[in-house]
There are 2 protein chains.
Amino acid sequence: MSRDAGSRHLRIPGPTPVPERIRRAFLRPLVDHRGPAGRALTRRVLAGLQRLLGTRHPVVLYPASGTGGWQAALVNTLAPGDRILVPETGHFALAWAALARECHLEPVILEGDWRTPADPERIARALAADREGRIRAVCLLHNETSTGVTSDVRAVRAALDRVGHPALLMVDVISSLAIAPYAHDEWGVDVTVGAVQKGLMLPPGLAFLAVGPRARAARRRHARLPRGYFDWERMIEANAEGLFPYTPATAMLFALEEALRLLEEEGLERVFARHARLAAATRAAVAAWGLEVQCRDPRAHSAALTAVRLPPGHDAEAVRAHLRARHDIALGGGLGRLAGRVLRIGHLGDLDGVTLLGLLAGIETGLGACGVPLRGSGLPAAMAVLAAEETDAETSPS
Amino acid sequence: MSRDAGSRHLRIPGPTPVPERIRRAFLRPLVDHRGPAGRALTRRVLAGLQRLLGTRHPVVLYPASGTGGWQAALVNTLAPGDRILVPETGHFALAWAALARECHLEPVILEGDWRTPADPERIARALAADREGRIRAVCLLHNETSTGVTSDVRAVRAALDRVGHPALLMVDVISSLAIAPYAHDEWGVDVTVGAVQKGLMLPPGLAFLAVGPRARAARRRHARLPRGYFDWERMIEANAEGLFPYTPATAMLFALEEALRLLEEEGLERVFARHARLAAATRAAVAAWGLEVQCRDPRAHSAALTAVRLPPGHDAEAVRAHLRARHDIALGGGLGRLAGRVLRIGHLGDLDGVTLLGLLAGIETGLGACGVPLRGSGLPAAMAVLAAEETDAETSPS
């Protein structure tokens, strides 16, 4: 089977390479989604997602991209003209805000520098100033995929509680779930939005939500936007019978079940430790290169990706094109205001230390060939980080 | 790999069995959807869908089920309170109407008997009576999957033209495309809604629309519903660069490209002839059994499925359960008001004559075992239909 350039070393920050066992799930013959096997599959997959999200509340699953999941969170809970508070962590925070505007909501953006996490104090102040209670939700990205900056969900929850504001807390975990610890119930999140093409290692095409009781109450008492396809109550009602209100993506459910099995076999704690280790090794290499990481807050470094800033005068897009053509490496580029300025190295999903070291070596070679000045090789630093930790051979998923 | 009961002979009216070549497309390594290989893939797939739908106008593709496609058609063209005219061909026509109501539209349902196609004369009268022009769209199912009744799209177009009503013509081809002839441009359709899990033989998870110029004009001049995820202009704009406004379902695009290749290799005329032949053989068997077909109009028989009415006192669900348990056959059951009253035999997608004959023999055995009185065997009649035609061996897709 022929390959496409950039697919051998696909290290964009998702979609991630799909492990062999998950790809093989697509070879299974389809089942009747309304029959007993289909219903049992639905129940197993939803239970697995509940465990992964840390919730006893309903999880709903849509054939959709993550953007569809964002929309589901908004239209099930809000009414036209409602304000939502969006800390501007980067491109995807602004994209969620733009989607909200398109859905007839009024996003209030807390401007940010795209290099630091959402600031709980500023969120608290903005909510405290909202005396009329027009802000109905805070929309937070747990991990901002455009910058590699992770925000502290518990600190944001505490900020809401401190000012006693009733806004719903909605958290996007699209690029953090199965990569870093998360706990929907324990952390007091009202709606969590996830997707399958990052830590879950599936091809894209499914979005899912964990729906807490306050969010369901908002659906009953307040929501007035058209929901249709994204109505979660119809979904929850059908799911109770193992069914869906419309045709589910059955083959994707096979694949999702296999992904959940892979993660549970490795053990979530080990999955998180592996990601933290690979991220630390990547940052060590970047530091040794003498380049700067986009994230400025050491406590906020992403376990999923590292965005590397290029020195002024160097075009990240030229480096990406070179890496693709010469080394069959696909990295993420800069989005929005970071266009041309950063390389985003995805170190999430099905990845081990040896593969990462090869990738870093390839990137280092490519940076040199493109004339980006490097202080030194990043390899020894990355190897030292990995050598100091548990071997990856024990913990790789595939 | 273990199988689930009902998956060996999955003959619900879709999702259909996925041919080996399409399943293997999921084994391909993912590509960077924003890179050159991803962009080229997008362009090839959209061009293939244009050929299949018979349109030179844009085709848009959403990670979604067919219900999402229905919603996209409505929210891109209409405003709150708009009326849509829905000929009640069966369960799915009512489901589209219910979705429209949920989207703050007012469906006007032309009541039907679920046994005959949409009546162009009644549509013309309803439109002629709409002097205020409140009806903005006619929503028609080309093939009603709950009954196996096909409506005449050209006759409905002619009815609109006769009364000179400006309503948009929206046609659902979810269970007719790549099964029976269709021509979006030539037939004067404004929006066509399709999905991949029937004639295109993919696992479910993608919906697509052909969007004519009058529909795009309605989006600019009239539409006022929140679109968000389903906004087709953002999609068309991104597609022009080979991109999507959000992460596309890349592996599904690989599979869709392979499906389009399979259909073009067989040749669409032969695909249609094969479906017509298999449908005729099925109806011949049903007639020989002495059972009644749900569709009462001989010109409206579906090429995709045959709904078989059971005699009073016989429960179709008991027959389905028996067929699943004893013969590993999954048929469709009755939906809505037909619950328990019909068996729906899917003869669409990757199917040839020999496989159909085995299926009919299994159903006949099961009907007998369940005590349904049969006048005689259906096999000789079905075999005679197939023998009179071109052999299937030449035309089977896989």
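This is a predicted model: local features need pLDDT of at least 70, side-chain atom pairs count only at pLDDT 80 or more; totals for chains, interfaces and linings use all residues.
## Where chain A meets chain B

The contact between the chains takes 52 residues from chain A and 52 residues from chain B. Four helices of chain A give two or more residues to the side that touches chain B: helix 2 (36-53), helix 3 (66-75), helix 4 (91-102) and helix 9 (250-266). Helix 3 of chain A supplies the largest share of that side, four residues. Sorted by class, the side of chain A that touches chain B has 29 nonpolar, 14 polar and nine charged residues.

How do the copies meet? Of the interface residues of chain A, 100% are also interface residues in chain B, so the copies meet through the same surface.

## Helix 3 and helix 4 of chain A

Two packed helices are described by the angle between their axes and the distance between the axes. The axes of helix 3 and helix 4 of chain A come within 10 Å and cross at roughly 55 degrees. Angles under 35 degrees count as roughly parallel, and 65 to 115 degrees as roughly perpendicular. Helix 3 and helix 4 of chain A are therefore oblique to each other, and their crossing is right-handed.

On the side of helix 3 of chain A, the residues that meet helix 4 are Thr67(A), Trp70(A), Gln71(A) and Leu74(A). Helix 4 of chain A brings Trp96(A), Leu99(A) and Ala100(A) to this contact. By class, the residues of the contact of helix 3 with helix 4 of chain A are five nonpolar, two polar and no charged.

## Two domains in chain A

The domain assignment divides chain A into domain 1 (9-13 + 267-394) and domain 2 (20-264). The centres of domain 1 and domain 2 of chain A, taken over C-alpha atoms, are 28 Å apart. Their contact takes 25 residues from domain 1 of chain A and 23 residues from domain 2 of chain A.

Which elements of domain 1 of chain A give two or more residues to the side that touches domain 2? They are helix 10 (268-289) and strand 12 (305-309) of chain A. Helix 10 of chain A gives the most to this side, with four residues. The side of domain 1 of chain A that touches domain 2 has 13 nonpolar, seven polar and five charged residues.

## Helix 5 and helix 6 of chain A

Helix 5 (residues 120-128) and helix 6 (residues 153-163) of chain A pack with their axes 9 Å apart, at an angle of about 30 degrees. Helix 5 and helix 6 of chain A are therefore roughly parallel to each other. The crossing of these two helices of chain A is right-handed.

Helix 5 of chain A makes the contact with Pro120(A), Ile123(A), Ala124(A), Leu127(A) and Ala128(A). Among the contact residues of helix 6 of chain A are Ala155(A), Val156(A), Leu160(A) and Arg162(A). The contact of helix 5 with helix 6 of chain A has eleven nonpolar residues, no polar ones and one charged.

## Helix 10 and helix 12 of chain B

In chain B, the axes of helix 10 (residues 268-289) and helix 12 (residues 353-369) come within 11 Å and cross at roughly 25 degrees. That makes helix 10 of chain B roughly parallel to helix 12 of chain B. Helix 10 of chain B passes helix 12 of chain B in a right-handed crossing.

The contact is made by Leu278(B), Ala281(B), Thr282(B), Ala285(B) and Trp289(B) of helix 10 of chain B, together with Gly353(B), Leu356(B), Leu360(B) and Glu364(B) of helix 12 of chain B. These residues divide into six nonpolar, two polar and one charged.

## Backbone exceptions

Most residues other than glycine have a negative phi, and most peptide bonds are trans. The peptide bond from Gly14(A) to Pro15(A) is cis, with omega near -5 degrees. Pro15(A) lies in the loop between strand 1 (9-11) and helix 1 (20-25) of chain A. In chain B, a cis peptide bond joins Gly14(B) and Pro15(B), with omega about -5 degrees.

Asp328(A) is not a glycine, yet has a positive phi of about 60 degrees. Asp328(A) sits in the loop between helix 11 (316-327) and strand 13 (329-333) of chain A.

Technical notes: Residues are numbered from 1 along each chain as its sequence is written. Chains are lettered from A and ligands numbered from 1 in the order in which they are written. Domain bounds come from an automatic or database domain assignment. Two residues are in contact if their C-beta atoms, placed from the backbone, lie within 7 Å. Ala, Val, Leu, Ile, Met, Phe, Trp, Tyr, Cys and Pro count as nonpolar, Asp, Glu, Lys and Arg as charged, and the others, Gly among them, as polar. Axes are lines fitted to C-alpha atoms, for helices over the stretch in contact, and angles run from 0 to 180 degrees between N-to-C directions. Angles under 35 degrees count as roughly parallel, over 145 as roughly antiparallel, 65 to 115 as roughly perpendicular and the rest as oblique. A crossing is left-handed if the near helix is turned anticlockwise from the far one by less than a right angle, and right-handed if clockwise.
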